[in-house]
Structures are given as structure tokens and as C-alpha cells.
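Reader: Hi, I'd like to go through this structure with you. Can we look at it together?

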Amino acid sequence: MTKTTAVINDLSGFGKCSLTAAIAILSVMGIQPCPLPTAILTNQTGYKNHYCYDFSEHMNFYTEMWLKNNAHFDGIYSGYIAGESQVDFIKKFIEVFKKSDTKVIVDPVMGDNGKLYSAYNKNTCDKIKELAKTADIITPNLTELCILTGEDFNSVMKKSDSDFFFEYIEEVADKAIFHDNMKIAVTGIKKDGFIYNGVFEKGNADFLKSKEYGSSFSGTGDIFSSIICGSVLNNTTLSKAAYNATKFIEDVIKETIKEPYEKNHGIDFEKYLYKLAVYKE
Ligand code: PXL
């Protein structure tokens with residue numbers, strides 16, 4: 001039977017992020033995404049202008065109706081939220097729907113490049129940390145890892161020239177392994193002109209290298225987390241999943257920048273989704 005995952009994330013008209021990325025990627029990987037929107041936006045918030053419709057007041061109906069309809073989820077995967085109260089909602093949703101065979105993947109979306117996204121503040125971040133503690137897998141970028149562990153992003157980046165940078169990142173990541181069975185995949189670790197994603201679990205760390213193409217594109221974190229979610233539900237190890245996600249994103253960025261691009265629009269992943277397909281003739 002096709003596996004299902006609840007996907008708690010926003011729906012943005014432009015930006016190729018959040019639900020737009022998750023629905024496409026999980027579907028091609030043979031997983032049924034069940035979207036639960038946190039907000040509906042004209043476009044992601046990095047553009048000069050955006051309008052956001054906060055979906056909070058409708059979200060309880062999903063829990064209520066899905067419970068009445070006996071919904072079962074193999075995965076619960078959360079991402080961008082429109083406000084603090086939604087974190088409590090997600091925690092409750094997990095309490096209601098997490099069964100012994102359900103994997104919880106929390107992408108603790110909060111910011112990038114050392115800065116918080118416009119809809120986030122310290123309180124939201126504190127709450128997201130509590131949510132992250134309930135996950136089996138979290139997928140922060142380096143900025144979000146710093147927020148989760150109380151490190152200062154700029155101080156961490158100052159160490160990136162050191163030969164011991166990866167050992168240092170491992171120490172930081174260890175602090176975000178909030179319970180024994182938790183695994184972390186960290187994106188956007190920049191060193192010496194390359195960009196690395198790291199996979200960490202108790203006593204084990206692995207870094208996956210890719211070329212850095214200069215620009216930070218909208219939605220790549222969501223593409224990464226969605227591939228992790230789909231892979232893990234397909235019983236792939238986290239290291240292999242992170243390797244595949246890193247390679248996919250690197251390949252797509254390489255194609256995207258062959259033509260004029262705008263980083264807010266995201267990357268041209270649609271044409272390459274077939275590479276993630278579980279069923280190939
Ligand atoms: O990709 C992260 C993200 C998701 N959703 C919205 C965003 C962002 C990042 O800016 O604005 C609406």
C-alpha cells in the first residue's frame with residue numbers, strides 16, 4: 001500500500017518551496033502527501049512584496065476530520081509556520097496521530113544566512129525548539145542549527161577556515177540531538193568555496209560535499225527535507241538519503257544557472273523530478 005505523510009507547510013504561489021516542492025517530490029518518490037496548509041501566500045516572503053493568509057483558524061478541522069475518518073500517517077512532516085500558535089497545533093497533531101510506526105520529520109524553518117525570516121521572532125524560535133525535540137529527524141540549515149543550540153551564527157562561521165571546523169560543527173550538532181534516537185541532517189555548511197550537508201546521529205557524523213554556486217536559492221531547504229522525508233519512508237538510510245538529496249540539488253542548480261535566473265524563484269527542479277522516481281522502466 002502507498003505510504004502516506006501529513007505535510008504541514010505553507011502553499012506559496014511563487015518560490016518553488018514548501019508544499020509546492022513537497023507535494024511534487026513525495027509523489028514522485030511514491031509517497032502520498034496529505035497537505036495541511038499553515039498559510040497561503042502569493043509568493044514566499046523573500047520577494048519585495050507578498051500577501052500571506054494565515055490558515056490557523058482552519059487547521060483544527062483537519063485534526064478533527066482526519067481523526068473521525070481514521071486517517072493513518074506513516075510520516076508527519078512539518079515546515080514553515082505562519083505564527084507561534086501553530087507550533088502548539090503541530091505538537092498536538094503529532095500527539096494525536098503519531099503511532100509506533102510513524103516517523104516524525106520536523107524541518108525547523110526559522111531563517112537562513114544568519115537571519116530570521118520576517119514572520120519569525122525569538123518566541124517562535126523557542127517554541128520551534130520544543131517542537132524539534134519531539135521529532136525523529138530534524139533538517140535545520142546551519143542558521144537554524146545555531147538557533148536550536150544557542151550558538152551565534154557569525155561566531156560559528158568565523159571558525160570555517162579552521163582545519164577543525166567539521167569537528168566543531170559535529171560538537172554543535174551533538175547539542176541538537178535532543179534524544180537518543182534522534183537524527184539530524186544539517187544543510188548549508190560552507191567551507192573553502194564548497195557547501196556541505198551533514199548527517200549526525202549519536203556517535204556518528206558524515207559530511208556530503210557539493211559545489212557552491214554563489215547564490216542561495218529559494219526552496220532548496222524544502223527540496224532537501226522533502227527528499228529526506230520520502231527516502232526515510234522508503235526505508236533508505238539517512239546518510240544515503242542526504243547523499244541523494246545533495247546530488248539532486250547540486251545537479252539542478254548547475255542546470256538552473258545555465259540561463260538567467262532569479263534566486264527568489266527557486267530552482268528548475270520540475271524537469272528533473274524523474275531522477276527521484278522510485279519506479280523506473
Ligand atoms: O523555504 C522556506 C520558506 C517557506 N515558506 C515561506 C518562506 C520561506 C523562506 O523565506 O518565505 C513562505
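Reader: Where is Asp 192 found?
Author: Asp 192 is found in the loop between strand S9 (183–191) and strand S10 (194–201). Helices (H or I, at least four residues) and strands (E, at least two) are DSSP runs, numbered from the N terminus. Some ground rules first: this is a predicted model, where local features need pLDDT of at least 70 and side-chain atom pairs count only at pLDDT 80 or more, while totals for chains, interfaces and linings use all residues. Residues are numbered from 1 along each chain as its sequence is written, and side-chain values use heavy atoms, with hydrogens and water left out.

Reader: OK. What is the phi of Asp 192?
Author: Positive, about 50°, although Asp 192 is not a glycine.

Reader: Is Asp 192 buried or exposed?
Author: Asp 192 counts as exposed because its relative accessibility is 54%. Buried means under 20% relative accessible area, exposed over 50%, and partly exposed in between (1.4 Å probe, protein chains only).

Reader: Which loop holds Asn 235?
Author: The one between helix H8 (220–233) and helix H9 (238–256). Asn 235 is not a glycine, but has a positive phi of about 65°. Its relative accessibility is 64%, so Asn 235 counts as exposed.

Reader: New topic. Which residues surround the ligand?
Author: Asp 10, Ser 12, Cys 17, Ser 18, Leu 41, Gln 44, Thr 45, Tyr 80, Tyr 117 and Asp 222. A residue is near a molecule if one of its heavy atoms lies within 4 Å of it.

Reader: How many of the shell residues are nonpolar, polar and charged?
Author: The shell has 4 nonpolar, 4 polar and 2 charged residues. Here Ala, Val, Leu, Ile, Met, Phe, Trp, Tyr, Cys and Pro count as nonpolar, Asp, Glu, Lys and Arg as charged, and the others, Gly among them, as polar.

Reader: What lies 2.7 Å from a nitrogen atom of the ligand?
Author: A polar side-chain atom of Asp 10. Ser 18 also has a polar side-chain atom 3.1 Å from a ligand nitrogen atom. For Thr 45, the ligand atom is an oxygen, and the distance is 2.6 Å.

Reader: How much of the ligand does the protein cover?
Author: The protein covers 93% of the 320 Å² of accessible area that the ligand has on its own. Accessible areas come from the Shrake-Rupley method with a 1.4 Å probe; for residues, only the protein chains shown count as cover.

Reader: Now the inside. How many residues are in the largest nonpolar core?
Author: That core has 47 residues. Trp 66, Phe 73, Ile 76, Phe 93, Ile 138 and Leu 142 have the most contacts inside it. Its largest share, 6 residues, comes from helix H3 (residues 85–97). A nonpolar core is a set of buried Ala, Val, Leu, Ile, Met, Phe, Trp, Tyr and Cys residues joined through side-chain atoms within 4.5 Å.

Reader: What does Leu 142 touch?
Author: Leaving out residues up to four places away in sequence, Leu 142 touches Phe 153, Val 156, Met 157, Ile 169, Val 186, Thr 187, Gly 188 and Ile 189. Contact means heavy atoms within 4.5 Å.

Reader: Which residues belong to the other core?
Author: Another core, of 35 residues, lies apart from the largest one. Among its members are Ala 21, Phe 217, Cys 229 and Ile 249.

Reader: Is Thr 246 buried or exposed?
Author: Buried, because its relative accessible area is 5%. Thr 246 is found in helix H9.

Reader: Which residues is Thr 246 in contact with?
Author: Beyond neighbours within four places in sequence, Asn 197, Leu 208, Lys 209, Ser 210 and Phe 224. The side chains of Thr 246 and Asn 197 are joined by a polar contact of 2.9 Å. A polar contact is a pair of N or O atoms within 3.5 Å; within protein, one must be able to donate a hydrogen and the other to accept it, and residues adjacent in sequence count only if both atoms are side-chain atoms.

Reader: Last one. Where is the place of Asp 206?
Author: Strand S11 (residues 204–211). Asp 206 is partly exposed, with a relative accessible area of 31%. Its side chain makes a polar contact of 3.4 Å with the side chain of Ser 239.
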